[in-house]
Amino acid sequence: MLLHTRTTPQERRRSFREQLASGRLLRMPGAINPLSARLIQDTGFDAVYLSGAVMAADLGLPDIGLTTNVEIAARAAQTTRVTDLPVLIDADTGFGEPMNAARTVQLLEDAGLAGLHLEDQVNPKRCGHLDGKTITPREEMAKRLRAAVDARRDPDFLLMARTDARSVEGLDAAIDRAKAYVDAGADAIFPEALADVSEYETFREAVDVPLLANLTEFGKTPLLDAPTLASLGYNIALYPVTLLRTAMGAVENGLRTIAAEGTQKSLLPDMMTRSRLYELLGYDEYAAFDASVFDFRLPPGA
C-alpha cells in the first residue's frame with residue numbers, strides 16, 4: 001500500500017454492497033485519523049467508519065452541527081487514501097436543505113467513500129444519545145433523501161438513513177419513519193438509540209433492508225456482542241467512538257504520568273513500538289520504491 005490504496009472507490013463500494021447482501025455481520029470501528037484506519041484494516045475488520053462526533057472532537061468542537069461538509073470531505077479523502085476497506089461516513093443532516101444534502105453526496109462520492117448516512121434531526125443536530133433532540137417532519141426527511149438519491153452518480157454508493165425518532169416519538173414511529181425512508185430511496189437504515197434486545201428484534205422484523213447497530217459507549221443502547229447481533233439479523237456492528245475514547249484516555253494518562261513522574265519510562269510497555277509503527281506505515285516499501293527510482297538508468301541508446 002504505497003502512497004495510496006490498491007483498489008478504486010468503485011471496487012470498494014461494490015464490495016461493501018456485496019458484503020451487506022451476504023447476511024454476514026460486518027464489524028465497523030470508527031477511525032480517529034487515517035493511520036488508525038490502516039490499523040483497522042491490519043487487524044482484520046470489515047469496514048471503517050468516520051463519526052461526526054469524532055471528527056468534531058478532533059477539531060476541539062462538540063457534536064452539535066458545527067463542522068461543514070467540506071471539512072468532513074477533506075478528512076474522508078485522507079482516510080480513503082490509506083485503506084482498501086469500504087469507508088462509511090456520518091453526514092449529519094446533510095448540512096442544510098435538500099440541495100445541501102445533494103451537494104454533500106457528491107462531495108463525499110468524490111472523496112472515495114463507500115457510503116454515508118443522513119439523519120432526521122433538525123439542523124443543527126445533537127448527539128444521538130443526548131436528550132433534547134428535535135426531529136424533522138417525516139416528509140422533510142424524505143425530501144432530504146430524495147435529493148441525495150437524485151444527486152448520486154455511482155449507484156453502488158450506499159445511502160443510509162438514520163432515524164432518531166425512537167427516543168422522541170417512540171419505537172413504532174421510528175419504524176414507520178424507517179419504512180418511509182426506504183420508500184424515499186434509502187438503501188439501509190440506522191435506528192439510533194434502541195433500548196434493548198426486544199427493540200432490536202422488533203425493528204428487524206419490520207424493516208427489510210440492511211440495518212446498523214450503533215454500539216456507542218455510555219449511551220442509551222446496550223453493548224451487545226457480535227454473535228448476539230448476528231443472531232438478531234443485523235448487518236453492521238458499529239463502534240463509532242471507541243478508538244477516540246481509548247486513545248484520549250491513554251493520552252490523558254500519559255500526560256499525567258509525565259507530569260507526576262518527570263519521565264515517560266513507566267509508559268513504555270503500553271506504547272506502540274517504533275518498529276511496529278514503521279511496519280504499519282510501510283517504511284520498507286517506501287525505501288524499496290525510493291531505491292528503485294534512485295538506481296534507475298535509461299538503457300543504452302534510449
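In the predicted model, the protein chain is made up of 13 helices and eight strands. Its radius of gyration is 21 Å, close to the 19 Å that the globule rule gives for 302 residues, so the chain is as compact as a globular protein of that length. Along the principal axes, the C-alpha atoms fill a box of roughly 70 × 60 × 35 Å. Of the 302 residues, 46% count as buried, and the protein chain exposes about 14,600 Å², of which carbon and sulfur atoms supply 56%. When contacts with a sequence separation of 6 or more are considered, residues 24 or more positions apart account for 72% of them.

The packing of helices H2 and H12 was examined in detail. Two packed helices are described by the angle between their axes and by the distance between those axes. Helix H2, comprising residues 34–42, packs against helix H12, comprising residues 274–281, at an angle of about 90 degrees, and the two axes lie 10 Å apart. Because angles of 65 to 115 degrees count as roughly perpendicular, H2 and H12 are therefore roughly perpendicular to each other. On the H2 side the contact is made by Leu35, Arg38, Leu39 and Asp42, and on the H12 side by Arg276, Leu277, Leu280 and Leu281. Sorted by class, this contact of H2 with H12 comprises five nonpolar and three charged residues, with no polar residues.

Backbone geometry was considered next. Most residues other than glycine have a negative phi. Ala193, although not a glycine, has a positive phi of about 60 degrees, and Phe218, likewise not a glycine, has a positive phi of about 65 degrees. Each of these residues is placed in a loop that leads from a strand to a helix: Ala193 is in the loop between strand S6 (188–191) and helix H9 (197–206), while Phe218 is found in the loop between strand S7 (212–214) and helix H10 (226–231). Their accessibilities may be set side by side, since Ala193 is buried, with a relative accessible area of 6%, whereas Phe218 counts as exposed, at 78% relative accessibility.

Two residues of helix H5 were also compared. Gln106 is placed in helix H5, which spans residues 98–110, and Leu108 has its place in helix H5 as well. Gln106 is partly exposed, with a relative accessible area of 31%, whereas Leu108 counts as buried, at 0% relative accessibility. When neighbours within four places in sequence are left aside, Gln106 is in contact with Ala151 and Arg153. With residues up to four places away in sequence likewise not counted, Leu108 touches Ile72, Ala73, Ile89, Ala91, Leu113, Leu116 and Phe157. Separations from other parts of the chain were computed between C-alpha atoms: Gln106 and Thr202, which are 96 residues apart in sequence, are 34 Å apart in space, and Leu108 and Ala237, which are 129 residues apart in sequence, are 22 Å apart in space.

Technical notes: Residues numbered from 1 in each chain as written. Predicted model: local features only at pLDDT ≥ 70, side-chain atom pairs only at ≥ 80, totals over all residues. Heavy atoms only, no water. Axes fitted to C-alpha atoms, helices over the stretch in contact; angles between N-to-C directions. Helix = DSSP H or I, 4+ residues; strand = E, 2+ residues; numbered from the N terminus. Parallel < 35°, antiparallel > 145°, perpendicular 65-115°, else oblique. Contact = heavy atoms within 4.5 Å. Nonpolar A, V, L, I, M, F, W, Y, C, P; charged D, E, K, R; others polar. Rg over C-alpha atoms; globule rule 2.2 N^0.38 Å. Buried < 20%, exposed > 50% of the residue type's maximum accessible area, 1.4 Å probe, protein only. Areas by Shrake-Rupley, 256 points an atom, 1.4 Å probe, with all protein chains shown as cover.
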